[in-house]
Amino acid sequence: MHCAKKCGLFLLLAFLIAATGTAVGLVYVADWLSVADQPRKADAIVVLGGGYARPFQAADLYRQGLARKIYISAPVREDQLRLLDEAGIPFPLEEDVMRQVLVKKGVPASAIERLGKDLISTADEARAARSVFAKRAPRLLVVTSPYHLRRARMIFSDALPAADIRMIASSYDPFPSSWWKDQSAARNVLLELAKIIFYQLGGRY
């Protein structure tokens, strides 16, 4: 990364740390990250990788009749899981677990499709969605975790500018307003802020 961009990144991070130094700022950041859209009838539901709470929400949307097809992300296998594979220790693929959740919650197997293969990031998922829907301007319900909504919206809007994209938060994935009091939530928020800055500076994976 260019030196000027690195300096800008550190300055932005310092600003965010200062800006979130008060309770008001902390609550604002949580609200800012987690702005969701109202779901409506769509061509497909896209479930992003990274959380097993997400297919539960997708199943709810499907049962409400909002789409007839669900695409589940197929992320790259993590290094630690590859070690298990090499040792002959079975551990299911993330997309297989998501498929099982969907079927268990009433989604027919025929309505489930895999999105991409060995996807490494949200940007990769957006590119995979663009390849699937390249010949039309789709209406998509993209399901992810609350803390991930803003960045996912940025990335999908850039990748599919003609699409009607609705970002839907999984209600099965808690995101407390007092996120700094929860270790998992704090980690997710801080990582998202850094990833948003990286994306805005031109970083793409």
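**Figure 1. Lining of the largest pocket in the predicted model.** In this predicted model, 35 residues line the largest pocket, and those nearest its centre are Gly49, Gly50, Ile120, Ser121 and Lys195. The space in the largest pocket comes to about 890 Å³.

**Figure 2. Elements that contribute to the lining of the largest pocket.** Two or more lining residues come from each of strand E2 (70-75), helix H5 (94-104), helix H6 (122-132), helix H7 (149-159) and helix H8 (183-200). The most is given by H8, which supplies 6 residues to the lining of the largest pocket.

**Figure 3. Residue classes in the lining of the largest pocket.** Sorted by class, the lining comprises 16 nonpolar, 10 charged and 9 polar residues. Lys195 is one of the residues that lie nearest the pocket centre.

**Figure 4. Packing geometry of helices H7 and H8.** The axes of H7 and H8 are 10 Å apart, and the two helices pack at an angle of about 25°. The crossing of H7 past H8 is left-handed.

**Figure 5. Residues in the contact between H7 and H8.** From H7, the residues Arg151, Met154, Ile155 and Asp158 meet Glu192, Lys195, Ile196, Tyr199 and Gln200 of H8. The residues of this contact divide into 4 nonpolar, 4 charged and 1 polar. Lys195 takes part in the contact of H8 with H7 and is also among the residues nearest the centre of the largest pocket.

Key
Residues numbered from 1 in each chain as written. Predicted model: local features only at pLDDT ≥ 70, side-chain atom pairs only at ≥ 80, totals over all residues. Heavy atoms only, no water. 1 Å grid on protein atoms, 1.4 Å probe; cavity = no way out; pocket = protein on both sides within 12 Å on 5 of 7 lines; lining within 4 Å. Points joined across faces, edges and corners; volume = space filled by probe spheres on them. Helix = DSSP H or I, 4+ residues; strand = E, 2+ residues; numbered from the N terminus. Nonpolar A, V, L, I, M, F, W, Y, C, P; charged D, E, K, R; others polar. Axes fitted to C-alpha atoms, helices over the stretch in contact; angles between N-to-C directions. Left-handed = near helix turned anticlockwise from the far one by under 90°. Contact = heavy atoms within 4.5 Å.
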